[in-house]
Amino acid sequence: MSNKIIIALGSAQKLLSSGDKWTDTTTRLLLPVVIKSALDGDTIQYGEFNKFLREKNKPTVLPIAFRNVAGKIGDICEILSAELKIDIPLLNAIIVNKDSGLPSHGVDGYLKRSQGKNKKQIENLHQKDRDSYALEEINSVFSFEEWRYIAKYLQIEISNKDEASRDRGQPLDLVDQKPCPHNPESDEHKKLKKWVSTHPEVISSFGFFEKGELEYILSSGDRVDIIFKNETSLLAVEVKARNASKAEMERGLFQCIKYRAVLRAMQLAKATPPNANSVLIIENNPSEKLKILAKRLSVKIISIRPIP
């Protein structure tokens with residue numbers, strides 16, 4: 001039965017409740033788990049589904065088999081979008097491969113709708129750009145506020161058990177921040193910023209870039225220390241000189257997150273792949289705490305020798 005016929009029958013619940021094959025029964029079992037992961041802001045790996053099957057005394061399978069479950073969840077999201085007349089992000093995008101942390105290429109067909117691309121455009125995307133769209137869809141799933149309503153609409157009960165949440169490690173005590181003072185820029189900061197802008201080899205792990213542009217203004221009004229551009233992407237650089245305090249170092253990581261998000265939003269506005277990134281460059285070695293925080297926030301730190 002095609003999606004159009006199911007929509008005509010007016011029931012995403014019908015698709016979810018119909019069928020007695022393994023994919024059908026397993027989708028009904030695991031959809032609450034996926035919605036709970038979305039509410040918790042967690043991706044879920046294909047192989048992790050076996051844990052829930054064991055809890056329900058169901059036989060485990062090879063992880064690749066769960067791609068069929070992910071596909072049916074994607075179908076349900078598409079039908080719900082048409083049925084409820086709201087844009088529902090692709091819930092199956094948060095079902096990811098263990099190694100890449102990204103959904104398999106089975107999600108590409110659904111990305112066509114969510115990203116406004118046709119099949120040929122998706123197929124012609126460079127892998128890096130395809131991954132950028134997939135990451136954007138994952139973020140859309142986490143930002144969507146109506147998953148509890150969707151669960152209620154589909155007559156799904158979501159568990160609130162604490163053990164369902166992911167172990168996120170030990171909490172870190174962040175330095176208390178004060179409003180950023182509008183003090184004159186230090187000579188050390190100016191020197192480091194200028195040096196980095198003329199030495200793009202420092203950020204070569206992000207790709208090939210020419211000389212960077214200082215004090216770049218984002219559409220949000222934020223000012224980035226340095227922006228590097230090439231034909232396919234953008235890289236925001238926040239620098240912290242050797243005299244920066246611990247509070248400034250931590251603030252730099254959160255600034256990188258903000259710059260990355262705004263740049264990707266600007267790319268989406270221009271209908272280009274949202275693959276911009278950001279990096280914190282410092283003139284001394286990061287503390288262990290800063291390294292842990294950077295890893296947890298997915299921000300890279302590049303440490304360089306002090307500039308003479």
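The largest share of the lining of the largest pocket, eight residues, comes from α8, where helices (H or I, at least four residues) and strands (E, at least two) are DSSP runs numbered from the N terminus. This is a predicted model, in which local features need pLDDT of at least 70 and side-chain atom pairs count only at pLDDT 80 or more, while totals for chains, interfaces and linings use all residues. Residues are numbered from 1 along each chain as its sequence is written, and side-chain values use heavy atoms, with hydrogens and water left out.

The largest pocket holds about 1300 Å³ of space, and of the 34 residues that line it, L135, R260, R296, L297 and S298 are the closest to its centre. A pocket here is an open set of points on a 1 Å grid over the protein atoms alone, where a 1.4 Å probe fits, with protein on both sides within 12 Å along at least five of seven lines, and lining residues have an atom within 4 Å of a point. At least two lining residues each are supplied by α8 (127–143), β5 (234–240), α11 (246–269), β6 (277–282) and α12 (288–297), and the lining divides into twelve nonpolar, ten polar and twelve charged residues.

Elsewhere, helix α5 (residues 66–84) reaches 27 Å from its first C-alpha to its last over 19 residues, close to the 27 Å expected at 1.5 Å a residue. Of these 19 residues, 14 are buried, meaning under 20% relative accessible area with a 1.4 Å probe and protein chains only. Just after α5, K85 takes a positive phi of about 60°.

Terms used
The expected span of a helix is 1.5 Å times one less than its number of residues. Buried means under 20% relative accessible area, exposed over 50%, partly exposed in between (1.4 Å probe, protein chains only). Grid points are joined across faces, edges and corners, and a volume is the space filled by probe spheres set on the points. Ala, Val, Leu, Ile, Met, Phe, Trp, Tyr, Cys and Pro count as nonpolar, Asp, Glu, Lys and Arg as charged, and the others, Gly among them, as polar.
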